[in-house]
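Hello,

Here is the structure I promised to hand over. Please open it alongside this email; my notes follow below.

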Amino acid sequence: MYIPRSFAESDRDALHGFIERHPLGALVTASSEHGFYATHLPLLLDRKRGAIGVLQGHVARANPHHALAASGESALVIFSGPDAYVTPSWYAAKQEHGKVVPTWNYIAVHATGVLRFIDDRDFLMAHLDRLTDRHEASQSHPWAMHDAPLDYLEQLARATVGVEIEITQLEGKFKLSQNRSDADVHGVISGLDASASAHDRAVADAMRERSRSEPPQ
């Protein structure tokens with residue numbers, strides 16, 4: 001991923017935290033025989049395993065991805081966060097000299113690692129239990145695996161293949177107008193705050209957080 005220095009994020013805790021807040025990843029593999037193949041899937045991050053962490057997920061057995069990519073191959077997982085169009089009309093620089101153009105603000109994290117498919121009932125049941133607990137925790141009446149009949153869960157497990165990616169490299173790009181003046185950043189935040197789009201307002205929040213975490217230029 002092309003990452004200009006002003007947009008780079010290398011802090012591992014920040015990258016791990018982003019993955020945990022945006023767990024839907026795009027798992028991408030490539031081979032000379034089959035070309036590129038991608039699957040979008042929710043992933044759990046275990047920060048304590050491996051040198052950088054391990055991602056766990058599952059795919060449907062009917063999904064050919066587990067047959068097209070072999071365990072031990074390299075894989076890329078792309079995690080995306082909020083994004084927003086930025087009009088140059090929000091820049092103070094537009095009034096000063098007019099040398100401004102539109103852009104797009106966004107956050108993305110790329111995790112590269114070693115892929116492994118796991119065809120094991122116990123792994124799948126434990127993984128699905130953890131995944132469910134993680135995402136049901138915020139519900140007022142959390143659903144749990146034991147709420148469904150065991151034979152139904154066993155049937156689903158047989159139709160599923162586990163996935164693990166041991167992360168070997170993490171890259172983060174937080175493109176949030178860090179290359180602009182304070183006045184321009186303030187103008188973008190104000191413009192996004194006024195938007196009806198929740199995505200735009202989320203980018204404004206990320207820009208505010210970023211500006212607080214970095215020293216003044």
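Which exposed residues does the face of α5 turned away from its buried side carry? They are D151 and R158. Bear in mind that this is a predicted model.

Now the other side of α5. This helix spans residues 150-158, and L153, E154 and A157 are buried in it. These three cover an arc of only 100° around the axis, so they sit on the same side of α5. The helical repeat is the background here: an α-helix has 3.6 residues a turn, so residues three or four places apart point the same way. The packing partners of the buried α5 residues are α4 (121-136) and β8 (160-175).

Next, H16. You will find H16 in helix α1, residues 12-21. Is H16 buried or exposed? Its relative accessibility is 2%, so H16 counts as buried. Leaving aside residues up to four places away in sequence, H16 touches L45, R47, I52 and L170.

Last, P102. This residue lies in the loop between α3 (93-96) and β7 (103-118). P102 has a relative accessible area of 45%, so it is classed as partly exposed. What does P102 touch, not counting residues up to four places away in sequence? The contacts are Y85, V86 and P88. One distance to check on screen: P102 and W90 are 12 residues apart in sequence, and their C-alpha atoms are 9.7 Å apart in space.

Best wishes

Technical notes:
Residues numbered from 1 in each chain as written. Predicted model: local features only at pLDDT ≥ 70, side-chain atom pairs only at ≥ 80, totals over all residues. Heavy atoms only, no water. Helix = DSSP H or I, 4+ residues; strand = E, 2+ residues; numbered from the N terminus. Buried < 20%, exposed > 50% of the residue type's maximum accessible area, 1.4 Å probe, protein only. Contact = heavy atoms within 4.5 Å. Arc of directions from axis to C-beta.
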